[in-house]
There are 2 protein chains.
Amino acid sequence: MTTLSAVEENYLKYIFQLGETQDGLVKTNDLAYKLDHSAASVTDMLKKLSDKRFVAYKKYYGVSLTKLGLQIAVQVLRKHRLWETFLVKNLKFTWDKIHDIAEQLEHIQSDELIDKMDEYLGFPKFDPHGDPIPDKQGNMLIPNVICLADAKLKKQYILSNVNDDSAAFLKYLNKIQLQLNDKIKITDKEEFDETIQLIINDKKQITISKDAAQNMFVKVV
Amino acid sequence: MTTLSAVEENYLKYIFQLGETQDGLVKTNDLAYKLDHSAASVTDMLKKLSDKRFVAYKKYYGVSLTKLGLQIAVQVLRKHRLWETFLVKNLKFTWDKIHDIAEQLEHIQSDELIDKMDEYLGFPKFDPHGDPIPDKQGNMLIPNVICLADAKLKKQYILSNVNDDSAAFLKYLNKIQLQLNDKIKITDKEEFDETIQLIINDKKQITISKDAAQNMFVKVV
DNA sequence: TATTATTTTTAGATTCGCTTAAATTTTATA
DNA sequence: TATAAAATTTAAGCGAATCTAAAAATAATA
């Protein structure tokens, strides 16, 4: 088990995450955008990762994870999400500040550390953004959620997952005091700009943009 | 405040630690040995660190930390020792396993993280090996200890500090069940090989080698 | 003190992870 | 479908952090 570099681990993690929306196939440019690197760098690295059998890469076509690459990606995700959980639950970080720190912590090499941390946290199944945390074997619960932008009028929902890509978005959630597990009912959808009116916990009435709604995922009650 | 690389931080940390025994001046070869790098690499890096004003380096003579370099070294030490404390106190690691993990964790870049961790741990003054933990300002208590190898017969001591360089030594302490803050009285010193006989907590009688004694530091009761 | 041994530095090279610019392939469009 | 646009790869190169081998400076010793 050759240990991968932090850079290699990041590639596998992002290939996994970008592939989740599609059927596993990821384009060079999408990775380049995500990693904020030139497309040329990405091509370079994909060739290396392919040589090492972590990805299946076909020139000009796209890249996907091999079984081995998937395993590693999931373990990196596990570390990332456990650390985020620790940062919020124990160290009292707000969720808009944890991503960058977890990006570093996820590359600490020690199985014993992450297993002990998992136990310390009580084997949590979801991280502070509602993303599922893989267990030691790589299994995770797939949350059965829909995007708030696609949710129906009048129905009762629970906010159970938010995108963690943008600190600005998470800060915005802090500001409007919207939290995971809050009850949400859509009272109106504006056709013109897809703005959504909703009631939080049967109390507070707020208006959110289409952009915001696309970053939020809800569960039917 | 340009952030330093993990490698640069390590150099400063080790220059600090090697300099503690001497008067701050560290030789190229000592660093090379500590870092397990060639002397040539060390010379290279010392020139770079000198250009960046972190160290005072004189060819063929030696290197010492500047005020700036010292500040950074102490903060790295702070991080290392706080993480070690967390690993032992919270995650229940044994002290022979924490060094390598803390070597990684000490380079995580986030002042907020380490300050919150400090608070979470209750602002500890010493780490699991009895080494003092610098506070946010870089101040630390200098423990008033003597080496067990130099301790006197019949006097009552308390084990308050052990060298953490060697996992083998720490494992050995686990095995003989000797712990920090144990009471120690020397009952005999063998002149021939400097072996020491001692009684732990007024109960257990054991014999330790000169080598072992040189890695242990005690406080007069 | 002259010579030898040791330590340290210099010189030249390598790997990793990145860059830009140019070439190539694929996709979109007139 | 020919051409233009976009995506991707190739080529060449750079800085960081290492190495080995050779040269130079310092320290030890006969």
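**Helix packing and its surroundings**

Author: Let's begin with a pair of helices in chain B of this predicted model. H2(B) and H3(B) pack with their axes 9 Å apart, at an angle of about 110°. Since angles from 65 to 115 degrees count as roughly perpendicular, that makes H2(B) roughly perpendicular to H3(B). The crossing in which H2(B) passes H3(B) is right-handed. On the H2(B) side, the residues that do the meeting are B:Thr28, B:Asn29, B:Leu31, B:Ala32 and B:Leu35, and their partners in H3(B) are B:Ala39, B:Val42 and B:Thr43. Sorted by class, that contact has 5 nonpolar and 3 polar residues, with no charged ones.

Both of those helices turn up again once you look at H1(B). They are among the elements that cover its buried residues, along with strand S1 (55-58), strand S2 (62-65) and helix H4 (67-89) of chain B. H1(B) itself runs over residues 6-21, which is 16 residues, and it reaches 24 Å from its first C-alpha to its last, close to the 22 Å expected at 1.5 Å a residue. Which of its residues are buried? They are B:Glu8, B:Glu9, B:Asn10, B:Tyr11, B:Leu12, B:Lys13, B:Ile15 and B:Phe16. As a reminder, an α-helix has 3.6 residues a turn, so residues three or four places apart point the same way.

Now for H1(B) against H4(B). Here the packing angle is about 95° and the axes are 8 Å apart. From H1(B) the contact takes B:Glu9, B:Leu12, B:Lys13, B:Ile15 and B:Phe16, while H4(B) brings B:Gly69, B:Leu70, B:Ile72, B:Ala73, B:Val76 and B:Leu77.

B:Gly138 lies in the loop between helix H6 (111-120) and strand S3 (146-147) of chain B. Leaving aside neighbours within four places in sequence, B:Gly138 is in contact with B:Gln71, B:Val74 and B:Gln75, and H4 of chain B spans 67-89. B:Gly138 counts as partly exposed because it has 14 C-beta neighbours inside 10 Å. Its C-alpha is 18 Å from that of B:Val55, a residue 83 places away along the chain.

Past H4, in the loop between H4 and helix H5 (98-105) of chain B, you'll find B:Lys92. Its phi is positive, about 65°, although B:Lys92 is not a glycine. Most residues other than glycine have a negative phi. B:Lys92 counts as exposed because there are 10 C-beta neighbours inside 10 Å. B:Asn201 is another non-glycine residue with a positive phi, this one near 50°. B:Asn201 is in the loop between strand S6 (196-200) and strand S7 (204-208) of chain B, and with 13 other C-beta atoms within 10 Å it is partly exposed.

Over in chain A, have a look at H4(A), residues 67-89, against H5(A): they pack at about 130°, with axes 9 Å apart. That makes H4(A) oblique to H5(A), and the crossing is right-handed. A:His80, A:Trp83, A:Glu84, A:Leu87 and A:Val88 in H4(A) come up against A:Ile98, A:Ile101, A:Ala102 and A:Leu105 in H5(A). By class that contact has 7 nonpolar, 1 polar and 1 charged residues.

How do the two chains meet? 13 residues of chain A are in contact with 14 residues of chain B. On the chain A side, helix H5 (98-105) and helix H6 (111-120) each supply at least two residues. H6(A) gives the most, with 4 residues. The chain A side as a whole divides into 7 nonpolar, 4 polar and 2 charged residues.

One last stop in chain A is A:Thr195, in the loop between strand S5 (183-189) and strand S6 (196-200). A:Thr195 counts as partly exposed, with 16 C-beta neighbours inside 10 Å. Beyond its neighbours within four places in sequence, A:Thr195 is in contact with A:Glu190, A:Thr207, A:Ser209 and A:Lys210. A:Ala149 is 46 residues away in sequence, and its C-alpha lies 9.1 Å from that of A:Thr195.

Technical notes
Residues are numbered from 1 along each chain as its sequence is written. Chains are lettered from A and ligands numbered from 1 in the order in which they are written. This is a predicted model: local features need pLDDT of at least 70, side-chain atom pairs count only at pLDDT 80 or more; totals for chains, interfaces and linings use all residues. The expected span of a helix is 1.5 Å times one less than its number of residues. A residue is buried if 20 or more other C-beta atoms lie within 10 Å of its own, exposed if 12 or fewer, and partly exposed in between; C-beta atoms are placed from the backbone. Two residues are in contact if their C-beta atoms, placed from the backbone, lie within 7 Å. Axes are lines fitted to C-alpha atoms, for helices over the stretch in contact, and angles run from 0 to 180 degrees between N-to-C directions. Angles under 35 degrees count as roughly parallel, over 145 as roughly antiparallel, 65 to 115 as roughly perpendicular and the rest as oblique. A crossing is left-handed if the near helix is turned anticlockwise from the far one by less than a right angle, and right-handed if clockwise. Ala, Val, Leu, Ile, Met, Phe, Trp, Tyr, Cys and Pro count as nonpolar, Asp, Glu, Lys and Arg as charged, and the others, Gly among them, as polar.
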